[in-house]
Amino acid sequence: MPSVRRPRRGSTSSPNEDSDDDSASESHSVIKRQRLSNVDSNASSSTEQQTTHAPGAIVRVSLHNFVTYTQAEFFLGPNLNMIIGPNGTGKSTLVCAICLGLGGKSELLGRAKEIGEFVKIGETEGTIEIELQGFPGEQNPVIGRTIHKDNKSGWILNGKQDTFKNAKAVIDRFNVQIDNLCQFLPQDKVAEFAHMSPQQLLIETERATGSAEMLARHTRLIELHAQYTSLSLSKDLNDRELQNLNERQEAAGAEVEQFRERDRIKAEIKLLNQFRPLAEFRDLRAQYETARGELAELRRQLDEAKVQAEPSLLLSETAGREYDKAHAVYGNAIEVYQKQNKKFQHLWKKRDDLINASDEAKSNVNIIKKNYAKHEAKLARLKSDLIRYEEKAAVQPDISRKEEILEMIRLNGETDRANKRKKEEEAALVNQQDQQIVHLRDEIKKCKSELADLESADARKLHQLQKLSKDTYDAVIWLRQNKHRFKAEVYEPPILTLTIDSDKLNMVEAIVSYYATITFTCLSREDYKLFLEEVTDKRGLSVSVSEYSNTDRPNFQDWQRSCSKEKLRQYGLENWLIDSVSGPDPVLNMLAHSCNLDEVAYTTKSLTAQQQQHIEDCKDDRGRMLIKRYIMDGISYYVNKSDYSNSTFLTTRQVFKASRLSDEGVNIEYKNDLNRQIADLELQISMLEADRDVHRKARSVLMQEDSRLGEERRALDKERERMRNELRDQQRAITKRDECLLEIEKYETQPDDSAEQIANMEAVYLETLNEREQFTKKVVEAAAKVSQAERACIVAGIDAFQKRSKKKELKERYELTDSSLVKLENAVKQTKAANRAKKEILEQKKGEAQELVVSLTSEEQAALEALQDTTLEELEAKLSTLNNAYESIFAGNAHVVEQFERRAIEIDRLQDKVDNSEVKILELKSEIDAIRGEWEQELDSLVANISTAFSEAFSSIGCEGNVRVGKDEDYAKWCIEIRVKFRKHEQLQLLTHQRQSGGERSVSTIFYLMSLQDVTKAPFRVVDEINQGMDPRNERVVHSRMVDVACQDHASQYFLITPKLLPHLKYHEKMVVHCIFSGIYLPNSSTDSAKVGLGRLRKYAAIGRRLRGIAA
C-alpha cells in the first residue's frame, strides 16, 4: 500500500521510517506531530488492469517528492476513477502530475507559473512516472519526468533517458490533448472553462471530437472570409472613390464648359482680328469712292471757273484739242503696234509649239527603239533566270533528321518547362520565406516594444491582467473610456487597484480567489445593470462584477473584526491580513464579502503546538470561532468544526509564490517569455534563412540548367531553320521557274509592232517639220509689220509731245490770268494726290486681304463669308464686346481641363479595378460555399449527436437542454450555443455566467463534457471538483449520469476529483474509488505499519473498527 509520511511544521521525522516501536506514548507523540497522506486505491494490480484498459488510458501513476507527496503510487481503473478526500490533502496534485507527466505546461493548471514550484518543499527534485495502456500486442509505455527546483526537467521513456520530442510522439499516438479543456479540466481551470467564449468552445470541441479536416476547414473558412471581407471593403472603398470622382467630374463639368466657352470666345476674337484687313480694305475703298466724288465736284467747279475765263482759255483749249487729237493718233499707233506685236507673239509661240512637237515625235521614235531593245534584253534575262531556277529546283534539301530534330525540340521544351516550373517554385519558396522573415522580424519588434512597455507599473499590471483574462482587460479599457456614463465610480479589479505589502503578497493571493482578483465593483444597482448590458450583452465579454449596495454590509466601515489586534498577539498572531492591503474601500468590501479576507490573520513566526491549540479553542459566547483562518510559515491553516462530533480540526494548504498579484513576478516572467519568444523568432529566422539559401542554390542550379537547355534549343532551332530555309528556297525556285516560263511565253506570243510604230512616228516627225517651216515664214512677215507699226508710233509720239508743250505754254498763260482758277486747279491737284495716296494704301490693303484669303483654311473662309457685310465699325464693336466677355469669364484653375481629362482616365482605371474585385469576390464566395457545404454538414451532424446526448442528460434530472451551432456571416463568430432550462416556468436560455448560478453552470459543464463521450476518441478525461456549487440533488443526479456514461462499454477513462461525497450515491462495479486522507490523527507508518496497509476501502474500515474496539 503506497503511503507517505510528511513531518509537521516544527517537528522532525524519524530517521528510520520502517523501524518498529512498541512504546505507545512515543507512538502517540510521533503521530500527533506528523501529517501523513495515505492513498487507498480500490483497484487490483496493474497486471490485471491491462486487459481492460483502452489504449492510451492511464494504468499507473507514481510520484516522488512531488508537491505534498514524498512517495505515492496510484493504480487506476479503466472506467470511472473517483478521487475523494478533504481539501488540501493532495487530490489535485494527482491532476497536476497527469498534466505535467504527459507533456502539459504549468500554465494549463492555473497554479504555479514555474515548474520548479511543484517540487516538494525541502527537496531539490521530484519525479513523475505514468504508465499508459498500449495498443493490442504492444508493451505498455512508461513515461517519466524528473523536475528540478531550478525549473529544468528531463524525460525517461520505458526506463531510459530520452527527449521530450520522443515522449510527446508516444503521447500523441493515443490522441491525448492535455491542453484541451474538453478532455483535461483541472480545478483552477474549471472557472476558465465555464467562462470560455462560445467561439472558443466550438474550436475546442472540434479539436476534441471532430475529424482532422473539420478544424482545418473551419480555419480555412475564417481565412477566406477575412479575405472576402477585406476585398469587399476594398471594393466598397473603390466604389465610394469612383462615386466621388464621378461627382467631382460632374461638378467640374460646368467649370470645364466655362473654360471651353472662354477658348471659343478667344478663337472668335482671333477670327475677327484676322478679318480686320478685309474690313479695313472695304472701309478704305468706301473712303476712296467718296474722295473720287469730291474730285469730280472740284472738277465741275473748275469747269465753271474756266467758262468764266473762256476768252483766256480759248487758245489753251484749242491747243489742248490739238494735243488730244495728236495724243489720240499716238494712242491709235500704240494700239496698232500692240496688235501687231501680239499677233507676232502668238505666231512665235505657235512656232515654238511646232518645234516642241517635232522634238517630241523624234523622242518617241527613240523611245520605241529603246523599248524594243529592252524587250529583247528582258527575254534573254528571263531565259537565263529560267535555267538558274531549274537548277535550284532540282537540288533536294537534306531533311533526313527532320523527325529527330522535332522530337529533340519537343523533349527540350518539356524539360525546359519542367525546369521553369521548378525554378518558379523555388522562387516562390524563397519569396515566401522572405515574407516570413519580414513577418518574424516585425514580431521581434513588437516583442521588444512590449519589453519597453513593461517598465511602467501600470503597464505591467495591465499585461498581467491581459494574460489572466483577455475579456477583463478589454472591459477595463472600455471602462476607462466610458466612466462618464456611470452615476458613481465603477472600480477596476483588485489586481489593478490594490497595493499589497511585498512580504504579504503570497499570503493575500492564497486567500483571494482568481475571480475575486479580476472582479469589477459597482456602487449601485443601476451602474451594475448598465455595466453588464454594455460589456456582456453588447460586447460579449465574460467578466465578473459585484455590487453590495443592498447587503447587510454595503460599506467596508460596517465590518467588525471578530477579534482585536491585541488579542491576536496573545495567540502569537501579528495582525489581520487585510490590514496589509490598501485600496479603495468598495474593493476591500468586495474582498471581505467574497473571500472573507477580513477573517484571515497571519504571523511571520512559527507557533507552538500549544498556541495552535489555543487558536482552535478560541470561541465567543455563542461558541463561534474567533479566528477561523491564519497563515504561518507558508501554510494556510483553516480551523474547521465537524458537523458530526462538534470537534475542531485543522485543514492546511500550502501557500505558493504569488503569480497573479505580483507585478514584479509578472514583469520578470513576461520579460522572460518575451525574451524566449524573441530567441525563438530569431531561431526561426536563422532556420528560414538557411532553408532559403538552400532554395536559392537550387534555383541557381536550375538557372544553369535553363541556360544549357537554351543553348541546346538554339542549336536545334538553327538546324530546323536550315531545313526550313532549304525547303523554302526549293519551293521559291520552283515558283520563280514557273513565273519565268509564263513571262517567256507572254513575251514570245506577244505581236511585235515596233517597226510600224517607228514608221508612224517618223511620218509625224516629218509632218511637224514641214509645218514649222511654214510658220517660220509667217513669223518673218509679222515681225516686219511690227517694225512698221513701231515707226508710225514713234512719229505720232513726237507730234503729240510737241503739241503737249504748246498746250502747257498756253495753259500757263491762262493760269496767270485768274488766281481763283489756279486755286481750283490746286485743289484738284491736291485731291488727285490724296486720292493717289489713298489708292496706294487701298492697293496695299487689297494685297494684304488677298494674302489673308489665300492663307485661310476652308473653315475660316466659311466663317469669314458670314462677315462679308460687316463694317469696320461693327467689327470693332464686336471685338470690344467679345474682349469684355472674355475678360469677364474667371480663369480659375488653369489646369482644370487637364485635371478633368486625367480624372476621366482614373475613373476608367477604378472601374476596371472594381470589376476585377467583383470577379475575385465571386471566386472567394464560390470557394467558401464549397468548403462550407462539407464542413457545415459534418459540424451539424457532430453537434446534433452532442445535443442528443446533452438533452438526454438534462431530461434525466427533469430539466431541458440542447446544443446547437451558432452561425454567423463571419466564420470566426461561429460558436457552440448551450441552452438550458432548470425550472418549468422558464424558457431555454443561453448558458452564461451571468444568467445561471455556479451550480447550474457546473451541471451544464459536466453534462456537456459527458456528451462528448460518443463522438470523441480521447483515451481519458479529467474533471477536478466540477461539483462545487451544486445543490445535493443536482450533484446526485450528475454523479449518477457520470457513472452511467463512464461505466458503459467502450467508454473513455474518467477521473472525477471531489472533496465531498454525499451518502447513498450510485456506484458501479467498474468504478474505482480512491480515498486520499491527510491529518495528524492518521497512523504513523514508522510505528504502526500494519495499520496503514490500506489495501482496499473495506479493509481500512475493518482496521478502523478494530482500533475503536468494534467487532468487524
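Glu927 is partly exposed, at 32% relative accessibility; here buried means under 20% relative accessible area, exposed over 50%, and partly exposed in between (1.4 Å probe, protein chains only). The side chain of Glu927 meets that of Arg220 in a salt bridge, at 3.2 Å from N to O. A salt bridge is a side-chain nitrogen of Lys or Arg within 4 Å of a carboxyl oxygen of Asp or Glu. Glu927 belongs to helix H24 and Arg220 to helix H7, so the pair ties together parts that are 707 residues apart in sequence. Arg220 is partly exposed too, with a relative accessible area of 29%.

This is a predicted model, in which local features need pLDDT of at least 70 and side-chain atom pairs count only at pLDDT 80 or more, while totals for chains, interfaces and linings use all residues. Residues are numbered from 1 along each chain as its sequence is written, and side-chain values use heavy atoms, with hydrogens and water left out. Helices (H or I, at least four residues) and strands (E, at least two) are DSSP runs, numbered from the N terminus.

Why can such pairs form? Side chains of opposite charge can pair when their charged atoms come close. Glu938 is partly exposed at 25%, and Arg217 is partly exposed at 21%.

Another salt bridge joins Arg485 to Glu534, with the closest N and O atoms 2.9 Å apart. Arg485 sits in the loop between helix H11 (470-481) and helix H12 (494-497), and Glu534 in helix H15 (residues 525-538), so the two tie together parts that are 49 residues apart in sequence. Arg485 is partly exposed at 36%, whereas Glu534 is buried at 4%. Elsewhere, salt bridges that share partners join Arg60, Glu73, Glu129 and Glu131 into one network. The structure holds 43 salt bridges.

Two strands pair if DSSP finds at least two bridges between them; S20 and S21 (residues 975-981) are joined by seven. Among the residues involved, Arg964 has Glu977 in S21 as its bridge partner.

Strands S7 (residues 142-148) and S8 (residues 153-157) run antiparallel and are joined by five bridges, with Ile147 opposite Ser153 in S8. Four residues separate S7 from S8, and Asn151 in the turn has a positive phi of about 70 degrees. S8 then pairs with S9 (residues 160-162) over three bridges, in the antiparallel sense. Here two residues lie between the strands, and Asn158 takes a positive phi near 55 degrees.
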